[in-house]
Amino acid sequence: MSQETWRDTFKMVKASLEKELKASEYTVKSCGTKFDSLSEKVPLSEETGFWEEPSSVSSKPLRWIIHVAKNDGETSVDFAKDQQGKLLPGAQTVGFINNREGNCAAIIFRVIPAVKKTDTSYLFPDWEWLMVMVFGKSLPPGTSGQTIGSFDNVAGTIGYDGKTYKIAALYICKTPTDSTEVQIGDEQTVSYDEATQALIRFLHAGKGSGSNAD
């Protein structure tokens, strides 16, 4: 069993970002890093592939939940949607930060997948990514729980305090996992690497931001 965890990846990524931002006196913020795992207080729904009670969580989620599906051998990623294809409440809200000082120019979010099975239910494998958003300059002063929402992967923008801001760079970092593949049907599987590449394609859907995986 791997001795490395998401925290090891997080520390490495944060240190690298802080080194780059040191001269400008900008800071790196993060969301959900105080909690190793989701507690029973914020249960997930295998029926919807999202929070069991979105209204109590989605405004300030500890993770950004994405949907992963495989059709005709092609793995894809999308915002969390219901069976009719409508966005679930908070599906485009990637997290929240404390930016009262207004010096945040980079944010690290924790991302988890809900993988759709052939019976249309979802499973939540032990997979996670760190998503890094970098901005051309610091975001203006906000609150101690400022929501980062309205994420538009095509335009490469986010909503912050009622305004829209461009993402200068966007990166995905894989984290250690012992489960590299999950069964979604009788003879169908989805791998962590397939999901990672699908996530990169999703984030790189537009020309508004760069996207890479480490």
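The secondary structure of this predicted protein comes to 3 helices and 16 strands, taken as DSSP runs numbered from the N terminus (helices H or I, at least four residues; strands E, at least two). The radius of gyration is 17 Å, close to the 17 Å that the globule rule gives for 214 residues, so the protein is as compact as a globular protein of that length. That radius is taken over C-alpha atoms, and the rule is 2.2 Å times the number of residues to the power 0.38. The C-alpha trace spans about 55 × 35 × 35 Å along its principal axes. Buried residues make up 46% of the 214; buried means under 20% relative accessible area, with a 1.4 Å probe and protein chains only.

Residues are numbered from 1 along each chain as its sequence is written. In this predicted model, local features need pLDDT of at least 70, side-chain atom pairs count only at pLDDT 80 or more, and totals for chains, interfaces and linings use all residues, while side-chain values use heavy atoms, without hydrogens and water.

| Partner of E4 | Sense | Bridges |
|---|---|---|
| E7 (residues 104–116) | parallel | 5 bridges |
| E5 (residues 74–79) | antiparallel | 6 bridges |

On the E7 side, Ile 66 has Pro 113 as its bridge partner. On the E5 side, His 67 stands opposite Asp 78. E4 and E5 form a hairpin with 2 residues between them. In that turn, Asp 72 has a positive phi of about 55 degrees.

Notes
Pairing = 2+ DSSP bridges. Buried < 20%, exposed > 50% of the residue type's maximum accessible area, 1.4 Å probe, protein only.
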